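Trainee: I would like to learn how to read a protein model. Can we go through one together?

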Amino acid sequence: MAERPPVLHTIVCSTRPGRVGSAVGTWAHAAAAHGGFDARLLELADFALPVFDEPEHPRLGRYQHEHTKRWSASVASADAFVFVMPEYNYAPPPSWLNAMTYLVREWQYKPAAFVSYGALSGGMRSVQLAKQIMTTFKMVPMLEGVVLPWVAQKLENGRLAVSADTDAAARAMLDELLRWARVLPALRG
Ligand SMILES: Cc1cc2nc3c(=O)[nH]c(=O)nc-3n(C[C@H](O)[C@H](O)[C@H](O)COP(=O)(O)O)c2cc1C
């Protein structure tokens, strides 16, 4: 029987109305859809997660709220993630940390990469903090990633227009993510 391709979720982490993240996510998903993944594009905003409101520790998986059960099922169905990550105040947006906080086991032993964006830093400070947090979920952060400084200047009619170098960075990131996505299922219970 043929091996199924790993499921990749490209997640737009900004939930801000009018977010640039959707254009960045559309570009990142198009890049991913041409690789070895079963690639899906998600908007965190569509899950409408309130500020963390589960009574029990998420590691127990005893979720009371429908929004948590829906988010849990989505993350559990993925083998790898690309976080489309802006920088807010030198950090990941609170929507991302909130969404991470809702779950534990669903994240474990899964690889994640970042397409980051912002002003001068292109979201690099945000990603460095996010990587530190991800390790507490036993996730594996990728070295390879895409950094988009001055992202507003890269938009043409609402679509992201990037250089060949950036396309090459996306390919390198996805190649590495695929390697990890193939082997990490062996560690999951
Ligand atoms: C609350 C807030 C804080 C921000 N802080 C930073 C920052 O620290 N570094 C940076 O490069 N850009 C910062 N920006 C600019 C964002 O990178 C830019 O607005 C980007 O479009 C945000 O992503 P979004 O449009 O997908 O929400 C900030 C924007 C907001 C709204």
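Trainee: What percentage of the 189 residues of the protein chain count as buried?

Mentor: Start with the term. Buried means under 20% relative accessible area, exposed means over 50%, and partly exposed is in between, with a 1.4 Å probe and protein chains only. Here, 48% of the 189 residues count as buried. Two notes on the source. This is a predicted model: local features need pLDDT of at least 70, side-chain atom pairs count only at pLDDT 80 or more, and totals for chains, interfaces and linings use all residues. Residues are numbered from 1 along each chain as its sequence is written, and side-chain values use heavy atoms, leaving out hydrogens and water.

Trainee: How many helices and strands does the protein chain have?

Mentor: Helices (H or I, at least four residues) and strands (E, at least two) are DSSP runs, numbered from the N terminus. This chain has 5 helices and 8 strands. Along the sequence they follow the pattern β-α-β-α-β-α-β-α-β-β-β-β-α. The radius of gyration is 16 Å, close to the 16 Å from the globule rule for 189 residues, so the chain is as compact as a globular protein of that length. That radius is taken over C-alpha atoms, and the rule is 2.2 Å times the number of residues to the power 0.38.

Trainee: How many aromatic pairs does the structure hold?

Mentor: Rings of Phe, Tyr and Trp (its six-membered ring) pair if their centres lie within 6.5 Å; planes under 30 degrees apart count as stacked, over 60 as edge-to-face and the rest as tilted. The structure holds 8 such pairs. One of them joins Trp-71 and Trp-107, edge-to-face, with 5.9 Å centre to centre and 70° between the planes.

Trainee: Why does the pair tie together parts that are 36 residues apart in sequence?

Mentor: Look at where each ring lies. Trp-71 is in helix 2 (residues 66-76), while Trp-107 is in the loop between helix 3 (94-101) and strand 4 (111-117), so the pair ties together parts 36 residues apart in sequence. Both Trp-71 and Trp-107 are buried. Ring pairs also link them into a cluster with Phe-47, Phe-81, Phe-83, Trp-96 and Phe-114.

Trainee: Which ring does the charged end of Arg-125 sit over?

Mentor: A charge sits over a ring if NZ of Lys or CZ of Arg is within 6 Å of the ring centre and within 35 degrees of the ring normal. Arg-125 sits over the ring of Tyr-90, 3.6 Å from its centre. Arg-70 lies over the face of Phe-47, at 4.7 Å from the ring centre.
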